[in-house]
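Subject: Structure handover

Hello,

Here is the structure we talked about. Please open it and read my notes alongside.

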Amino acid sequence: MTQQTDSDNNDADKPSVDRTVRNRKLWEYFSRYKGWFAIGAVFLGLTNILNLAIPAYIGDAVQMMRDAVGGEGLGTVRGDLIDIGLMIIALAIGGGIARVFSRIFIFNAGRHIEFDVRNEMYSKLGTLSAKFFNGMPTGDITSRSANDVSYIRLLYAISFLHVINTTIAYSIAMSRMADISWKLTLVCLVPYPVILYFLLMIMRALFRQTKIVQAQMSDISTKVQENLGGVSVVKCYAIEDREKESFGLMNEDYYGKSMKLATIRGGMQSLMTLVAGVGTFAVLIVGTGMVIDGDLKLGAFVEFNSYVVALAFPTIAMGWVFSVWNRGLAAFDRVLEILQIEPAVLDPAPDEQRELPALIPGEKRGAVRLENVSFAYPDEDEPVLRDIDIDIEAGSTVAIVGRTGSGKTTLVKLISRLYDPTEGTVYIDGEPLPKLPLRDTRSEVGFVSQEPFLFSMTIGQNVRFGVDALEYDETVHREPPTRALLTGDKREDVSQQERIEQAVRVAGLEPDIKGFTKGLDTLVGERGVTLSGGQKQRVTIARALLVDPRILILDDALSSVDTKTEEVILDHLDELMADRTSIILTHRFNALARVDKIFVLEDGRVVEAGSHDELLAKGGTYAEMCERQRLEESLKS
Ligand SMILES: Nc1ncnc2c1ncn2[C@@H]1O[C@H](COP(=O)(O)OP(=O)(O)OP(=O)(O)O)[C@@H](O)[C@H]1O
């Protein structure tokens, strides 16, 4: 289970991303939709022009009433007052409509940015290698792709809206206020320097705390994701209570950190409300004195006060903007941390790209050569594979055996380029892997891994997964295969539906499918939970066969099927893969008499190679392992 990271101890107040990079990227997204933001800004300008025209009319009306009360009576100005009232209503309606349009344009721009960032993030994740996924928990990645990307939308939309709105509102209102009385305007501005000082302090704390809370959210997502994924293990070991308690502690920690963040945010809001309040207070105290002394007319005072009131919301909104901005920046950094990772396994430069020789019926393909290959996992000092020199002939079937942990899976991961060797080169059909487009290599190597993974789709959809990629991905230079998969069927143009049925038969899954009422349309549930281990393994074999790979790798992929079914499947494969290469990793030795060559790995080195009979005759590691297995089996029976 995930270790709870103590986010308080991380460098939360330091930006994890270079500021220049961050600013460049912020601008890049903004400039994609600058037209939308610009139109939104124009509507914001219009909103403020219309709304801030109202105080002048209110001032006029009050002054008119004041003059009328002291002169010819209110009745004389009734008509003018009604005109002013109608004008105020018209301005308010106009301002309201402009406000709606400003929000439509700005919020839509924010949504477009969110859409782009989420797509980029998803595409990036597709290019990252096993090294990245080994190092970052899925819950953390999910939290960044879901929560953080949404915060980025608000960062753009809310910040832009309110910064522009407040700037325009202040510019218009302040110039009118200065026209009425520069002295009173200065009084309003007196508290600003002190408030600015506190504001900067609060913003720093806000940024730091926001990062801490977001990191804690990632830890919680990871915990939930792992516990749900491993729910049966948790239940089997009856450890629900401990897990519940540890989740409770994590949640409590998150609650505490969130409360601290809420307190800081509250402080920010209060500070901005204080700015608005102090302004109003100063205007009342100083302004009333000026009216009494005759330095300011009552109408002008009311107009001035209306501007101060009108500025209250934009001022308070800035408090919200600062918190959205800080949360958005922290989220932006967390997303950028992923976007700027360079994939460890790279495509060759376009001018260096080579192509694999075409697959021609009847011609053997799929030769593999590992030349002086050594490999250590990222951040590990000890190599897992050392000085491997292997030649696998095109069209042959070979097995790689060795004790657990000897490096078998690692070796075949290098063939499908999930990792690049630390030293040496891997060749397929004479072409060095680093010179081949990555997707082409992967589409030519059918890798059936130890742990079968199925998507929550139907069995049929799971089987055609690889062919879908060939049909829809234009970057793969390979047409979806159409040749028949069944022994004796020599047709070169078979529909994919028929091929799926054939692949299922070759993989020995047909009797199981017949047992399901919905057949190939049976939904398999998340990760294929509704299928048995052996059924899952055979679906993944059918999936690999359907793409007609030039190299098929079965990494202990028949471990959950009985030896009789294994024999049947291997018979089918012998025929189907006659002109292609098959590499079988296994701990079962009973099927190895049929393969062309066996490589024996020990501590990451090839210690023996030869046919089953040759190796038995040699009486070395292989013979010893075979003998031990034979003894174990005879003891069991
Ligand atoms: N992602 C990884 N990071 C670091 N070390 C790893 C990683 N994957 C495997 N190893 C280590 O590499 C060594 C070889 O592992 P590998 O899975 O290749 O062995 P294997 O021969 O396939 O074992 P098995 O027969 O049990 O499947 C092991 O010591 C393992 O702990």
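Strand 9 and strand 10 form a hairpin, with two residues between them. D603 sits in the turn and has a positive phi of about 45°. Strand 9 covers residues 597–602 and strand 10 covers residues 605–610. They run antiparallel, joined by five bridges. E602 stands opposite R605 in strand 10.

Some ground rules. This is a predicted model: local features need pLDDT of at least 70, side-chain atom pairs count only at pLDDT 80 or more, and totals for chains, interfaces and linings use all residues. Residues are numbered from 1 along each chain as its sequence is written. Helices (H or I, at least four residues) and strands (E, at least two) are DSSP runs, numbered from the N terminus. Strands pair if DSSP finds at least two bridges between them.

Four strands form it in the order 2-1-4-5, with antiparallel pairing. Strand 2 (385–392) and strand 5 (431–432) are the edge strands, and each pairs on one side only. Strand 4 (residues 423–428) pairs with strand 5 over two bridges. There, Y427 stands opposite P432.

Now helix 7, residues 182–189. L184, T185 and C188 are buried (20 or more other C-beta atoms within 10 Å of the residue's own, with C-beta atoms placed from the backbone). Seen down the helix axis, the buried residues fall within an arc of 105° (taken from the directions from the axis to the C-beta atoms), so they line one face of helix 7. On the other side, W182 and L189 are exposed (12 or fewer such atoms; partly exposed lies in between).

Best wishes
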